[in-house]
Amino acid sequence: MDIWAELEAEGVDSALLDEVRAFRAAHPAPEEARARIPVPKCIYYGREIWESAAVALLCGEHLLLAGPKATGKNVLAENLAAAFGRPLWDVSMYINVDAAALIGADTLREGQVEFREGPICRAARMGGFGVLDEVNMAKNEALAVLHAALDFRRVIDVPGYERIALDDAARFIGTMNYGYAGTRELNEALVSRFVVLDMPVISQENLRKLLARSFPELQAKWAEQFAGLFDDLRRKCENAEISTKALDLRGLLSALHLIEKGISTGDALRLGIINKAFDPFERQLVADAVWARIPRGASRAALFNG
């Protein structure tokens, strides 16, 4: 995928894209980290959000992408790293993450104790983008080690070792889904070090674009129905008719991949969407919404061209 062509087609400001290219040229990635520069398979559809995120990064800010599931937080982070030409370190946050897991710890090598860098230190030193995935699942005590890296000091002080200064190109991007089980309130001191982007739910128009890009042979009328199905499920979630378990964009795309490979729509949609609801009553509500849009016995030939 040519990310520049995709962004231009999405209507992203050409002057802004020129600034991103200039940043990329001024900060070439180290040879040892170039394999970490992502090659995205899909584009984030949402011009305003993409432009806001790019401007913030160009201004040296760190990003916090906040929003419900299926809003494309990780897709946007990957797109930004690809466009800026930055190696990407993706750190999955969870309750047992501690400072050592983030910045590194002592290790024994050839009889000598030396410091083994963690993903945060490597991203900082090599001018990468560090993605703190579901940042509000980690304990605030662990995240406190990031305070000096995220503010004007831009350093990581490792006890017993030299301090590590952030490369000029290094940025950190946190993602969070407020209200997930296992999440907690973020410390105010940490939040103040990010600029926060409120990620909107994908619109039907943008979902149709995503489906057309991901499944070129999917007939337009069925792309319309799948986009409508996702919107139906979202509305049911908003009205508290069902939980958010079945509102799963990854599951919808997985179901379409299965149908494309020859599995019937009924089986594919059960695997990708319906069975995500474990309560029998809720599962039936989800199934009713699905079958109202998509015929359960349809084959690949009914939905795809060719």
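1. A nonpolar core is taken here as a set of buried Ala, Val, Leu, Ile, Met, Phe, Trp, Tyr and Cys residues joined through side-chain atoms within 4.5 Å, where buried means under 20% relative accessible area with a 1.4 Å probe and protein chains only. The model is predicted, so local features need pLDDT of at least 70 and side-chain atom pairs count only at pLDDT 80 or more, while totals for chains, interfaces and linings use all residues. Residues are numbered from 1 along each chain as its sequence is written, and side-chain values use heavy atoms, with hydrogens and water left out.

2. The largest nonpolar core holds 71 residues, of which Trp50 and Leu80 touch the most other members. Its largest share, eight residues, is supplied by α11, helices being DSSP runs of H or I with at least four residues, numbered from the N terminus. With neighbours within four places in sequence set aside, Leu80 is in contact (heavy atoms within 4.5 Å) with Trp50, Ala53, Ala54, Leu57, Leu63, Phe129 and Ile173.

3. A second, separate core comprises 32 residues, among them Met93, Ala149, Ala170 and Met176.

4. On a 1 Å grid over the protein atoms alone, a cavity is a set of points where a 1.4 Å probe fits but cannot get out, and its lining residues have an atom within 4 Å of a point.

5. The lining of the largest cavity includes Ile202, Leu207, Phe230 and Arg234. Two or more lining residues come from each of α10 (204-214) and α11 (220-238), with α11 giving the largest share, four residues.

Methods:
On a 1 Å grid over the protein atoms alone, a cavity is a set of points where a 1.4 Å probe fits but cannot get out, and a pocket is an open set with protein on both sides within 12 Å along at least five of seven lines; lining residues have an atom within 4 Å of a point. Buried means under 20% relative accessible area, exposed over 50%, partly exposed in between (1.4 Å probe, protein chains only).
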